[in-house]
Amino acid sequence: MQGNFSYHNPTKLYFGDESLNYLKDEMKNFGPVVLLNYGSGSVKRNGIYDQVVAILKAAGKTIVENPDVMSNPTLEKLHEGVKIARENNVDWILALGGGSVCDYSKGVAASVFYEGDYWNQFWLNQQNPPVGQKILPVGCILTMAGTGSEMNGGCVITDAEKNFKVGHVFDDRLMPKFSILNPKFTMTVPDNQMKAGLYDIMNHIMEQYFSDFDDNTSDYLSEGLMRSLITASRIVVKNPQDYEARSNIMWTATWALNTLLKCGKSQDWMVHMIGHSVGAWTHAPHGYCLAAVSMAYYRRAMKPGLPKFVRFAKNVWDIQGNGMTDEQIAEAGLEALKAWMLEIGLPLTISEIGATTDMIPGITKGTICYPAGYMDLKSEDITEILQESM
Ligand code: NZQ
Ligand code: ZN
């Protein structure tokens with residue numbers, strides 16, 4: 001294992017179908033006024049909102065509501081949340097929802113006490129809040145498995161006016177103080193979002209796995225997580241109410257992107273960069289945008305990254321490879337990935353999710369491009385990948 005790193009993850013997790021019971025104890029650590037961020041109403045329809053509000057009220061908390069945090073939260077909504085938090089002197093933030101609500105809550109928490117242009121500072125310039133700046137603590141009650149936002153510092157915001165989606169990974173101070181993960185809460189996620197979440201998890205692992213050639217413990221962890229995800233995904237698409245599969249998916253999602261797998265890895269993340277730009281133009285679910293560009297991307301990465309693609313084929317997809325060349329084995333691995341994507345119902349082209357040819361220049365322009373994984377792509381390569389993904 002090459003590379004130097006430090007490892008620290010401050011997020012406390014409560015996992016399981018009784019995990020919401022721990023909210024009562026956890027709340028003692030935070031002040032009286034809570035900003036409750038949630039989405040467009042699913043938590044009201046499935047009853048989770050009522051359960052959470054009852055616990056907050058019983059503890060005597062003052063609840064400042066901030067509903068309608070949209071999927072792929074916008075800059076405009078970020079401004080609104082910052083304003084609400086400032087006007088109400090909130091002490092902490094509780095995110096109730098999927099990755100969008102968790103991400104958004106971190107964005108608000110970082111920005112409330114920042115005196116300058118937080119969009120410019122944190123997202124466009126990729127800086128962290130200055131040392132000593134006050135930051136609101138965030139807790140998450142996660143309702144959808146996918147992003148890993150429940151245990152990382154990531155926060156992705158879309159400037160809807162400019163069709164520009166950009167993430168910032170904040171330092172430890174913005175990681176949730178606690179996250180409550182109840183797999184039962186994910187059982188009402190719409191079918192398309194569930195599938196998008198499944199591929200998001202898979203791709204988070206792949207983005208870290210497909211880099212470097214050294215023997216690294218992280219890659220063995222990644223292979224185990226991918227195998228668990230593939231097994232559980234096949235169960236959950238047939239029976240969305242399967243608790244065991246849901247719980248494995250939720251746990252895998254957390255470990256896929258909670259700062260562990262990247263230890264000692266240079267990482268890739270270009271599928272995400274392209275996928276974010278596709279999302280900014282199509283507004284399709286995040287995981288769908290990743291799925292739709294993946295085959296074209298990984299076919300291109302296969303040549304420079306051949307040994308890792310052979311390993312992926314053998315250790316994740318059980319390709320035996322007897323009598324096959326390395327290229328054939330790697331190709332068979334990608335075919336197995338594609339077959340799995342089709343089996344669970346993911347889009348394989350960007351046209352399926354609403355992209356049109358005339359969007360390609362704009363999507364290319366919005367893709368943040370840097371040397372990563374096994375390639376050093378330029379914008380003309382991004383255009384080709386998008387054309388191949390049509
Ligand atoms: O609006 P609500 O009512 O909450 O409905 C949501 C939303 O429409 C719904 N949903 C969530 N839980 C549900 C439910 N519906 C019924 N029952 C439930 N239990 O599902 C829809 C999608 O939710 P969203 O939070 O948008 O999905 P996801 O968790 O995939 O988050 C996507 C956002 O996270 C960012 C993405 O770019 C995107 O903006 N990401 C964050 C990352 C991070 N923090 O590290 C990394 C990821 O790569 C990703 O970029
Ligand atoms: Zn993702």
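This is a predicted model: local features need pLDDT of at least 70, side-chain atom pairs count only at pLDDT 80 or more; totals for chains, interfaces and linings use all residues.

Trainee: How are the donor residues of the zinc ion (ligand 2) spaced in sequence?
Mentor: The spacing is D-x3-H-x67-H-x13-H. A donor here is an N, O or S atom within 2.8 Å of the metal (3.2 Å for Na, K and Ca); water is not among the atoms, so sites may look incomplete.

Trainee: And which residues are they, for the zinc ion (ligand 2)?
Mentor: Asp-200 gives OD, while His-204, His-272 and His-286 each give NE2. They lie 1.9 to 2.1 Å from the zinc ion. His-272 is in helix α10 (residues 270-282) and His-286 in helix α11 (residues 286-302), so this pair ties together parts 14 residues apart in sequence. Helices are DSSP runs of H or I with at least four residues, strands are runs of E with at least two, and both are numbered from the N terminus.

Trainee: His-272: buried or exposed?
Mentor: Buried, at 4% relative accessibility. His-286 is buried too, at 17%. Buried means under 20% relative accessible area, exposed over 50%, partly exposed in between (1.4 Å probe, protein chains only).

Trainee: New topic. Which residues come nearest to ligand 1?
Mentor: Ser-71, Gly-99, Ser-100, Asp-103 and Thr-188, out of 31 around ligand 1. To count as near, a residue needs a heavy atom within 4 Å.

Trainee: What sort of residues make up the shell around ligand 1?
Mentor: By class, 7 are nonpolar, 21 polar and 3 charged. Ala, Val, Leu, Ile, Met, Phe, Trp, Tyr, Cys and Pro count as nonpolar, Asp, Glu, Lys and Arg as charged, and the others, Gly among them, as polar.

Trainee: What does the side chain of His-272 do at ligand 1?
Mentor: An N or O atom in that side chain is 2.9 Å from an oxygen atom of ligand 1. The Asp-103 side chain has an N or O atom 2.7 Å from a nitrogen atom of ligand 1. Phe-185 places a backbone N or O atom 2.8 Å from a nitrogen atom of ligand 1.

Technical notes:
Residues are numbered from 1 along each chain as its sequence is written. Chains are lettered from A and ligands numbered from 1 in the order in which they are written. Side-chain values use heavy atoms; hydrogens and water are left out. A polar contact is a pair of N or O atoms within 3.5 Å; within protein, one must be able to donate a hydrogen and the other to accept it, and residues adjacent in sequence count only if both atoms are side-chain atoms.
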